[in-house]
Amino acid sequence: MTEKNQRSIHVPVLTRVEGEGALDLVIHKGEISELRLRIYEPPRLFEKFLEGYSYKQVPDMVARICGICPVAYQMSAIHALETVFAAPQHEWVRNMRRVFYCGEWIQSHALHIHLLAAPDFLGFENAIAMAQKYPQQVNRGLRLQAAGNRLIALFGGRSVHPVGAKVGGFYHAPAKNDVDDVLEQLRSLQQDAKDLVAWTASLDVPEDKQEFTSVALRHDNEYPMNEGRLVSSQGLNIDIEEYQQHFKEFQAPHSTALHATLHDQPYLVGPLARLNLNMDRLPDAVLEVIAATGVHFPSDNMFHSIVARAIEIYYGLFESIRLLEAYQLPAQPYVEIKPRAGVASGCTEAPRGILWHQYQVDENGDIEKAIIIPPTSQNQARIEQDLRTSLTSLGLDQDDDTLRQHGEMLIRNYDPCISCSTHFLKIKVERS
Amino acid sequence: MSSTAKPRVGVYKFASCDGCQLAFLNAGEQLLQLAELVEICHFAEAGIMDEQASVDIAFVEGSIITASDIERIEHIREHSRYLISIGACATAGGIQALRNIKDSDSWMADIYASPEFIDTLNTSTPLASHISVDLELWGCPVNGTQVMAAIRSLLFGVLPQQEHDKVCLQCKRNGSVCVMVTQGIPCMGPVTRTGCGAICPAVGRDCYACFGPADQANTDSLSKRFVGLGLLPEAISKRFHFITNDVDPFRQAGDQYCKDAQDS
């Protein structure tokens with residue numbers, strides 16, 4: 001501290017996030033002069049080591065970018081490659097990819113709500129401590145998480161780095177008996193998921209209204225997962241192939257995750273952005289559950305993200321039950337792929353928001369160039385913007401611990417998955 | 001672990017995808033039971049933070065890719081009684097060890113406008129390259145049952161049993177049809193350590209060796225079979241240079257066929 005009226009807060013390792021990061025804050029004469037969310041997990045250089053590998057190996061490689069959302073990485077890559085190869089549509093594959101993805105949304109959201117975020121709102125250091133006081137709620141969350149994992153394993157053999165998805169479809173179709181067992185489990189959890197939505201809406205979250213731009217996929221008649229156009233709350237409506245004409249990715253010196261902006265402005269991706277832009281694509285049964293919470297969407301309170309996650313769990317159950325009730329064994333669970341040279345993009349809704357990939361391949365289907373833009377790097381500029389606004393409105397004269405706790409809660413609310421670039425929060429506050 | 005106090009456990013992370021920590025976070029009720037049996041001293045992702053603490057069992061995920069990683073892992077080793085590496089990154093350097101084979105400096109320059117801001121070594125190495133490791137649990141990801149079984153064994157005061165069989169043996173036990181014999185699909189099962197449950201052939205596809213090399217893996221013989229199935233040297237090289245690329249005999253087999261591809 002060089003001057004008396006400057007102070008700095010430093011959060012050394014942010015806990016309850018997937019990955020590692022730190023927050024540096026410099027407060028000069030009562031205002032934030034510097035704010036840096038540093039992601040310091042070193043990069044693993046995935047885009048480069050995909051080069052030269054066959055398209056057939058890509059789903060198994062990109063899954064390794066993130067253990068929490070491997071399905072998302074597989075889906076964005078597979079869609080991009082199928083576009084390059086002009087693969088024909090296959091109704092069964094399309095529907096079952098949706099079920100597979102529902103599994104990932106359910107497990108990832110349940111993990112985040114119960115093990116990572118809720119302890120903040122209820123005043124616990126962690127979920128294990130929270131489970132002493134709230135055993136029913138924690139156990140309910142663990143049951144939902146397990147059901148999501150089971151859905152992934154139904155198609156992929158296991159929930160982390162599942163092995164069932166390939167370019168063209170799936171390696172196998174699950175047996176009808178196995179599907180029926182899973183269906184029974186999913187049906188038994190519908191009331192749990194409904195109760196979870198009501199519980200998250202009853203949590204005492206901060207009232208923190210902010211202006212921000214939401215970005216998500218939008219589909220003609222479905223709540224978005226694998227397909228759609230890219231839209232924003234400011235009127236953007238583009239094909240996913242036009243992504244790079246509107247979104248820019250740049251390196252900030254303090255972070256290994258690249259930052260992304262839309263028309264030079266921060267933007268939000270993830271469950272709240274998805275729900276804000278796609279409420280009208282939800283079935284009545286889900287809208288009724290939302291209406292009962294009294295929370296109004298679209299919402300400009302970032303802390304309603306936890307409610308949006310719970311709603312997407314309920315929707316994930318609803319949608320997977322709907323699709324699995326009509327389950328029929330297909331003649332073949334994939335379409336034949338004929339490789340050809342070309343470039344194409346794939347964009348799907350990972351639990352944390354849009355995940356955009358682009359691949360350039362040669363005539364044998366070997367990868368020449370890959371670009372992968374994960375949701376966390378897209379949210380990073382938005383998180384920094386939110387920290388500036390929220391910490392200022394909280395009052396910068398608060399002690400370091402209060403600022404640190406609020407900052408951590410706020411960052412966790414975005415469910416940043418720092419393994420994408422690479423892990424999380426150190427806060428350092430300097431005051432002058 | 002003879003004292004009456006609860007054994008102390010830590011879970012630590014280095015360069016990885018976080019997938020192996022999910023062995024704990026996906027364990028459901030078992031995670032809560034575990035928290036009764038042991039004192040979890042450090043597990044950042046679960047919100048428990050004290051990396052300086054001394055522990056009885058340290059579970060470490062991830063590979064070593066920065067200079068500060070080396071200092072951290074040495075500190076964890078000094079403060080733990082048993083240290084167990086979990087997953088392909090910690091046991092073999094992970095898929096990111098592909099940088100050891102290629103020119104990673106040029107990779108950094110291709111991805112980052114200012115690579116000088118990024119603190120990283122140009123290698124990704126397993127924990128055992130830097131410290132002594134008491135037990136290695138292989139797999140990408142490690143199997144949750146193996147992790148819980150390891151804790152149970154250590155609580156009883158014995159070292160856990162290791163899997164040494166090849167995937168082929170598990171496949172036979174499962175009654176799966178061999179994809180290589182019946183369909184001519186090049187499968188890595190004959191050289192790969194089991195532990196995964198042989199899930200790939202069970203869904204009708206090839207094993208891609210995510211649990212690393214088995215004991216006495218005959219990569220030469222398998223490579224020749226792959227040649228017979230029509231794979232080009234470059235493609236054979238890339239089967240070995242994959243999830244556990246930088247561990248012999250996979251590294252060696254991959255290098256050999258990469259060289260053959262360049263010579264031809």
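# Close-up views of a predicted two-chain model

View 1. As in every view described here, the coordinates belong to a predicted model rather than to an experimental one. Is A:Gln137 buried or exposed? With a relative accessibility of 18%, A:Gln137 counts as buried, because the cut-off for that class is under 20%. When residues up to four places away in sequence are not counted, A:Gln137 touches A:His114 and A:Trp199.

**View 2. Packing of helix α4 against helix α14 in chain A.** Helix α14 of chain A covers residues 400–413, and its axis lies 10 Å from that of α4(A), the two helices packing at an angle of about 150°. The pair is therefore described as roughly antiparallel, since angles over 145 degrees fall into that class. The crossing in which α4(A) passes α14(A) is left-handed. On the side of α4(A), the residues that meet the partner helix are A:His112, A:Leu116, A:Asp120 and A:Phe121, whereas α14(A) contributes A:Met409, A:Arg412 and A:Asn413. Sorted by class, the contact between α4(A) and α14(A) consists of 3 nonpolar, 2 polar and 2 charged residues.

**View 3. The nonpolar cores.** The largest nonpolar core of the model has 185 residues, and the members that touch the most others within this core are A:Tyr359 and B:Phe24. Which helix supplies the largest share of this core? That share, 17 residues, comes from helix α4 of chain A, residues 91–122. Another core, also of 17 residues, lies apart from the largest one and includes A:Tyr267, A:Val269, A:Cys347 and A:Ile373.

**View 4. Packing of helix α12 against helix α13 in chain B.** Helix α12 of chain B, residues 233–240, and helix α13 of chain B, residues 250–263, have axes that come within 8 Å of each other and cross at roughly 160°. That angle makes α12(B) roughly antiparallel to α13(B), and the crossing of these two helices is left-handed. From α12(B), the contact involves B:Pro233, B:Glu234, B:Ile236, B:Ser237 and B:Phe240, which meet B:Phe250, B:Ala253, B:Gly254, B:Tyr257, B:Cys258, B:Asp260 and B:Ala261 of α13(B). By class, this contact of α12(B) with α13(B) holds 8 nonpolar, 2 polar and 2 charged residues.

**View 5. Buried residues of helix α12 in chain B.** Which residues of α12(B) are buried? They are B:Ile236, B:Ser237, B:Lys238, B:Arg239 and B:Phe240. The elements that cover the buried residues of α12(B) include α11 of chain B, residues 219–228, as well as α13 of chain B. Among the buried residues, B:Ile236, B:Ser237 and B:Phe240 also take part in the contact with α13(B).

**View 6. The loop position of B:Asp50.** B:Asp50 is placed in the loop that runs between strand β2, residues 39–43, and strand β3, residues 55–61, of chain B. Its relative accessibility is 36%, and B:Asp50 therefore counts as partly exposed. Leaving aside neighbours within four places in sequence, the residues in contact with B:Asp50 are B:Cys41 and B:His42. B:Gly10 is 40 residues away from B:Asp50 in sequence, while the C-alpha to C-alpha separation of these two residues is 8.8 Å.

View 7. In chain A, the peptide bond from A:Phe297 to A:Pro298 is cis, with omega near 0°. A:Pro298 belongs to the loop between α11, residues 284–293, and α12, residues 305–325, of chain A. In chain B, a cis peptide bond joins B:Cys140 and B:Pro141, and its omega is about 5°. B:Pro141 lies in the loop that connects β5, residues 135–137, with α7, residues 144–155, of chain B.

View 8. A:Lys29, a residue other than glycine, has a positive phi, with a value near 50°. The location of A:Lys29 is the loop between β2, residues 21–28, and β3, residues 31–39, of chain A, and at 60% relative accessibility A:Lys29 counts as exposed. A:Ala86 likewise has a positive phi near 50° without being glycine. A:Ala86 sits in the loop between α3, residues 70–84, and α4 of chain A. Is A:Ala86 buried, exposed or partly exposed? At 48% relative accessibility, A:Ala86 counts as partly exposed.

Key
Residues are numbered from 1 along each chain as its sequence is written. Chains are lettered from A and ligands numbered from 1 in the order in which they are written. This is a predicted model: local features need pLDDT of at least 70, side-chain atom pairs count only at pLDDT 80 or more; totals for chains, interfaces and linings use all residues. Side-chain values use heavy atoms; hydrogens and water are left out. Axes are lines fitted to C-alpha atoms, for helices over the stretch in contact, and angles run from 0 to 180 degrees between N-to-C directions. Helices (H or I, at least four residues) and strands (E, at least two) are DSSP runs, numbered from the N terminus. Angles under 35 degrees count as roughly parallel, over 145 as roughly antiparallel, 65 to 115 as roughly perpendicular and the rest as oblique. A crossing is left-handed if the near helix is turned anticlockwise from the far one by less than a right angle, and right-handed if clockwise. Contact means heavy atoms within 4.5 Å. Ala, Val, Leu, Ile, Met, Phe, Trp, Tyr, Cys and Pro count as nonpolar, Asp, Glu, Lys and Arg as charged, and the others, Gly among them, as polar. Buried means under 20% relative accessible area, exposed over 50%, partly exposed in between (1.4 Å probe, protein chains only). A nonpolar core is a set of buried Ala, Val, Leu, Ile, Met, Phe, Trp, Tyr and Cys residues joined through side-chain atoms within 4.5 Å.
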